[in-house]
Amino acid sequence: MSRDQVEILQRALKREKSARKAAEKILEEKSRELYHTSQKLENLLDEKSSQLQGVFENIVDAYVVMDLNGHVLKFNEAATRLFGYDIDKDDVNVVNLIYKEDYQYAISCFTDLKTHGFFKNYETRIYTKSKEVKWVHVNGSVVYDKNKKPIAAQGIVRDITAERASEEKLIESENRLATLVLNLDSGIVLEDENRNIVLTNRKFCELFNIKAQPSDLLGMDCSVASEQNKVLFTDPEGFLNRMKAINKAKEVVIGDELEMIDGKILERNYMPINIGEKSKGFLWTFTDVTLKRTYRKSLEVQKQKYYSIIANMHLGLVEVNNDDEILMINQSFSEMSGYEESELLGKRSRDVYAIEEGSEIIAKEYEKRKEGEANSYELKVETKQGDIRYWLVSGAPNYDLNGDRIGAIGIHLDITALKALELQKEKLLLKLEKSNDELQEYAHIVSHDLKSPLRSIDALVNWLKEDNKGKLDDVSLKNFELIEVTLEKMEKLISDVLNYSSIGTDCNADADVDLDIMLNDLITMLYIPKHIKINTLNPLPIIKGDITKLQQLFQNLISNAVKFIDKENGLIIIDVEDLKSHYKFSIQDNGIGIDKQFHDKIFKIFHALNKSKESTGIGLSIVKKIIDLHEGQIWLNSQPNVGTTFYFTLKK
């Protein structure tokens, strides 16, 4: 190698060493700067980490950090209190915290977290360590490394259990209120401060013939609605102007009445809603009072009608208060008593016109009114002119609309003329009773006096037959026999007349009579031929009556049936039917029957169809008189040669 080449290489090496030293010096300076920068960054990082740790530990809401598989890495103190887990001791996975019914919703939100890197306002239910269920609100985000690769997730969890419970109660209350308003019997419209509808109900739609649901009206301007609905009223402009005036005054209005063209009458109420001094809306209510108003008018009409009726019937009307002081009288009472209304107002009736025991009677009757009792009583009074009159008073307590007793009302009828008739009737009854007694006594005397000659004739006939025994021919004996039969018939006729005249006297109508026992005793006493049977279909009842006359009734009808049975096998059937207020009896036979033309005549006295010694023509007349005495009726169905059925009723 030549010298020149060596020098060149030496110079190059020298320059390289010189450059390396310069570079090392620069590197040393840069390293020193980098070290200082690194120290600053490390201090800053420590500072920020300390700050973050303070935030993490002291945040009010729960803070949770987990890996991407759901394993919890970090809980702050609030999270430990919320979930009940100690993260240093318990292995916790978010999956175990999710409420089972919210699982799909949680998975959907976790997918959104992975896709978008965050989620907000996630509300769900979770289980705590003690299996308590709580509502939580979560805002979450993904944690990335320096290469923007997701490595974990973090979230702020707030306990909203109490808030949700309050919200549910509030919603429940709102629903109850909405249901109540929706089903109220009054139309409701709630407006906001801008007069837009925020609440209404079905009744409002019904009253205003709106073919829509209440929800369809929400947000509607009430001013526009009023303009549209004014045509429903008899005075459209008056309706509209009144609403404008009410809304402008913003004062409570109660009981406005509106008449609609379809005849309905609405009552309108208005109430402004203010919070402090600020208006928050208006409440309108509309109630259908057609029936109430119609009833009130009808009541007034009825009241006037009955006042007119009472006046036209000459019935005196008096109204008194709780102290028995007269408040009102009508014109009829003024005419009855002779007093003007002004003379009686404020006075007590017992102190004005009552005489003798009248005051005590009025006081006693008014005590009954205090007990709510209504009744009638007679009163003897003296009119203003001094006339003595008799009144029939019908009194009743008087009540107000709340059911409180406010006094009494009395209707007065002048019965003075009726009283005179009653006195006259009593005198006539006494006279009639005396006459009946005399007639009864006369009937017995006549009966005795008539029977005495008969008995004498009968004795003379027997003496003649005895004295001329064996001397009389057959014709003479036959004549004597006819005389005896006639005498027997005459005696029976006299007895029947006496019985007939005695039917209405000495009647023990209040005694209990067992007809079943009476009938059995009667059948035992009567002569019933062997070819005749008596059947009773149903037990006979117990009724109130006179046992002697009832026995005579059945005896006459049964004897009558026995007498006229002409069949080899005779049959009498007795039955009874229970009616509402009477018993209906029937006595049926298979005798000779009675032609229809005689059905009415046989009950008249002395109308005997069979002129025999046993028939006097009084037996069925006695039967009818006994039945009349027991407030019943008698009739018959009969067919000649088939038989007869007598029907009769007796009051229970």
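Trainee: Which class leads the lining of the largest cavity, by count?
Mentor: This is a predicted model. The lining of the largest cavity has three charged and four polar residues. The remaining class there counts eleven, and that class is nonpolar.

Trainee: What is the volume of the largest cavity?
Mentor: Its lining takes in 18 residues, with Asp 324, Ser 349, Tyr 377, Val 393 and Gly 410 nearest the centre. Strands E11, E13, E14 and E15 and helix H12 each give two or more residues to that lining. The volume of the largest cavity is about 230 Å³.

Trainee: Which element gives the largest share of the lining of the second largest cavity?
Mentor: The second largest cavity has a volume of about 110 Å³. Its lining has 13 residues, and Phe 204, Cys 222, Ser 226, Met 243 and Phe 286 lie nearest its centre. E6, H7, H8 and E10 each give two or more. The largest share is four residues, from H7.

Trainee: At what angle do helices H16 and H17 pack?
Mentor: H16 spans residues 547-563 and H17 spans 619-629. Leu 553 and Leu 557 are among the H16 residues in the contact, and Val 623 and Ile 626 are among those of H17. The contact divides into eight nonpolar, four polar and one charged. The axes lie 9 Å apart, at an angle of about 145 degrees.

Terms used:
Residues are numbered from 1 along each chain as its sequence is written. This is a predicted model: local features need pLDDT of at least 70, side-chain atom pairs count only at pLDDT 80 or more; totals for chains, interfaces and linings use all residues. Side-chain values use heavy atoms; hydrogens and water are left out. Axes are lines fitted to C-alpha atoms, for helices over the stretch in contact, and angles run from 0 to 180 degrees between N-to-C directions. Contact means heavy atoms within 4.5 Å. Ala, Val, Leu, Ile, Met, Phe, Trp, Tyr, Cys and Pro count as nonpolar, Asp, Glu, Lys and Arg as charged, and the others, Gly among them, as polar. On a 1 Å grid over the protein atoms alone, a cavity is a set of points where a 1.4 Å probe fits but cannot get out, and a pocket is an open set with protein on both sides within 12 Å along at least five of seven lines; lining residues have an atom within 4 Å of a point. Grid points are joined across faces, edges and corners, and a volume is the space filled by probe spheres set on the points.
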